[in-house]
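User: I would like to learn how to read the nonpolar cores and the salt bridges in a model. Please take them one at a time.

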Amino acid sequence: MPLWTGRFKKQLDKKTNDFNSSISFDCRMASQDIKGSIAHATMLGKQNIIDKSESEKIVSSLKGIAADLESGKLEIDMSAEDIHTFVEGELTKRLGSTGKRLHTARSRNDQVALDLRLYLLDEIEKIDLALKEFIDVILKKAKENYDAVMPGYTHLQRAQPITFGHHLMAYTAMLLRDRERLADCKKRTAVSPLGSGALAGTTYPLDREYAAELLGLSGVCANSLDGVSDRDYVIELLSCLSLVMVHLSRFAEEVVMWCSWEFKFIELDDAFSTGSSIMPQKKNPDIAELVRGKSGRVFGSLVTLLTVMKGLPLAYNKDMQEDKQAVFDAVDTVLICIDTFAAMLDSAKVLKANMRAAAAKGFINATDCADYLVKKGLPFRDAYKAVGELVAFCIENGYTLETLPLEEYRRVCGLFADDVYAAIDLDNCVKGRNVKGGPAPQRVLFEIENAEKLNK
């Protein structure tokens with residue numbers, strides 16, 4: 001039975017009821033709804049708004065409902081309008097008129113706002129833990145490959161030598177920022193709207209701070225209109241999750257490339273690859289591709305909420321029921337993507353020899369060759385031009401900078417000497433980039449050590 005039937009003489013049309021109902025998706029907030037109701041009932045008793053003995057009975061019965069749901073003894077009635085109606089109806093079945101006192105000084109508007117905040121706080125914890133564990137996998141892989149030379153790219157063209165460990169640490173930096181953003185979002189989510197009522201508060205002498213304290217929340221919403229109509233925290237979380245998916249999608253794109261025969265930098269474990277129904281030689285990186293594809297799904301949830309909220313007048317409007325399916329789906333998607341990606345990366349085989357071979361091609365030590373001349377006194381622009389001429393000569397005549405005879409070097413610039421070959425050695429090129437944040441192996445190890453401290 002809906003909570004609002006007193007005003008109406010006719011039952012809601014069945015199709016309309018199905019359209020209006022939210023139990024099919026807000027049932028996942030059952031534990032948070034009960035937790036919020038326990039805090040509300042405890043506060044009502046403390047403030048003598050209802051009799052203390054009735055408050056205690058309500059709390060005890062709510063705990064019993066939670067235990068029965070957990071054990072499977074009680075199943076949620078999917079014909080109820082929403083989870084709030086179901087819990088209150090079950091409480092009334094068990095306590096009679098005493099159960100009906102729970103909703104004193106509370107509206108479904110502040111109740112659902114509280115439930116969603118509590119639910120998302122729990123999910124933020126899960127996502128943060130998943131990110132932490134994923135970063136641990138990346139750090140392990142980076143430590144194993146801190147000195148594995150590979151080409152770094154710009155415009156997807158070989159550019160300068162780096163190490164695979166250094167490349168992986170770029171994703172560590174991104175994901176650590178994601179954890180920071182989630183922690184910041186959590187602060188604005190951990191605020192209680194209880195006491196806002198439908199929109200205008202209540203005439204009862206509530207202790208809103210006490211109820212918030214019972215729930216482990218940091219404070220209360222300062223304005224009752226905002227308390228029931230604020231969904232900024234949902235949009236903010238979806239923004240954070242969208243950035244997580246941007247980072248996962250970029251990483252997934254590189255995994256897809258690295259697995260191809262054109263790169264062959266890594267090989268995915270069979271458990272994280274699929275085959276072709278017609279081409280027996282194929283080993284496809286479908287898991288990485290799915291992560292890349294699912295990013296659009298999370299972005300869509302963010303756009304959904306922005307669109308829903310952009311034109312709503314204060315305070316609550318039924319449009320806001322659309323927040324839950326969008327954010328629930330985004331949370332589920334992000335969690336499964338992080339967990340699956342972490343397992344895929346952890347089991348992947350790094351083909352260091354192929355990376356090194358690719359680094360030896362493409363003249364990625366050309367900048368180091370120019371720097372060699374600069375250190376001998378030549379202005380950088382002149383050095384740049386000289387090395388450009390050398391690269392053109394190498395391409396036309398089948399040389400690399402490593403195999404180019406010294407007389408050809410000296411033909412372009414007399415400052416070249418035998419020590420140029422040491423200056424353009426790939427290992428020396430990488431080791432020479434010994435600046436903070438650079439790819440020198442010792443710097444990579446330092447970066448890993450620092451990240452391990454941050455990833456707590």
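**Cores and salt bridges**

Analyst: Arg 188 is partly exposed, with a relative accessible area of 39%; buried means under 20%, exposed over 50%, and partly exposed in between (1.4 Å probe, protein chains only). This is a predicted model, in which local features need pLDDT of at least 70 and side-chain atom pairs count only at pLDDT 80 or more, while totals for chains, interfaces and linings use all residues. Residues are numbered from 1 along each chain as its sequence is written, and side-chain values use heavy atoms, with hydrogens and water left out.

User: Which residue does Arg 188 form a salt bridge with?

Analyst: Side chains of opposite charge can pair when their charged atoms come close. A salt bridge here is a side-chain nitrogen of Lys or Arg within 4 Å of a carboxyl oxygen of Asp or Glu. Arg 188 pairs with Glu 236, and their closest N and O atoms are 2.5 Å apart. The pair links distant parts of the chain, 48 residues apart: Arg 188 is in helix α7 and Glu 236 in helix α10. Helices are DSSP runs (H or I, at least four residues), numbered from the N terminus.

User: How many salt bridges does the structure hold?

Analyst: There are 31. One of them joins Asp 323 and Arg 231, with 2.7 Å between the closest N and O atoms. Asp 323 lies in helix α12 and Arg 231 in the loop between α9 (224-229) and α10, 92 residues apart.

User: Is Asp 323 buried or exposed?

Analyst: Asp 323 counts as buried because its relative accessibility is 0%. Arg 231 is also buried, with a relative accessible area of 0%.

User: Which residues are linked in a network of salt bridges?

Analyst: Asp 68, Glu 90, Lys 93 and Arg 94 are linked in this way.

User: Now the cores. Which residues of the largest nonpolar core touch the most other members?

Analyst: In soluble globular proteins, nonpolar side chains tend to be buried together. A nonpolar core is a set of buried Ala, Val, Leu, Ile, Met, Phe, Trp, Tyr and Cys residues joined through side-chain atoms within 4.5 Å. In the largest core, of 77 residues, they are Phe 134, Phe 251 and Phe 341. Helix α10 supplies the largest share of this core, 17 residues. Apart from it lies another core, of 33 residues, including Ile 34 and Leu 194.

User: What does Phe 341 touch, not counting residues up to four places away in sequence?

Analyst: Contact means heavy atoms within 4.5 Å. Phe 341 touches Phe 134, Leu 248, Phe 251, Ala 252, Val 255 and Val 291.

Conventions. Helices (H or I, at least four residues) and strands (E, at least two) are DSSP runs, numbered from the N terminus.
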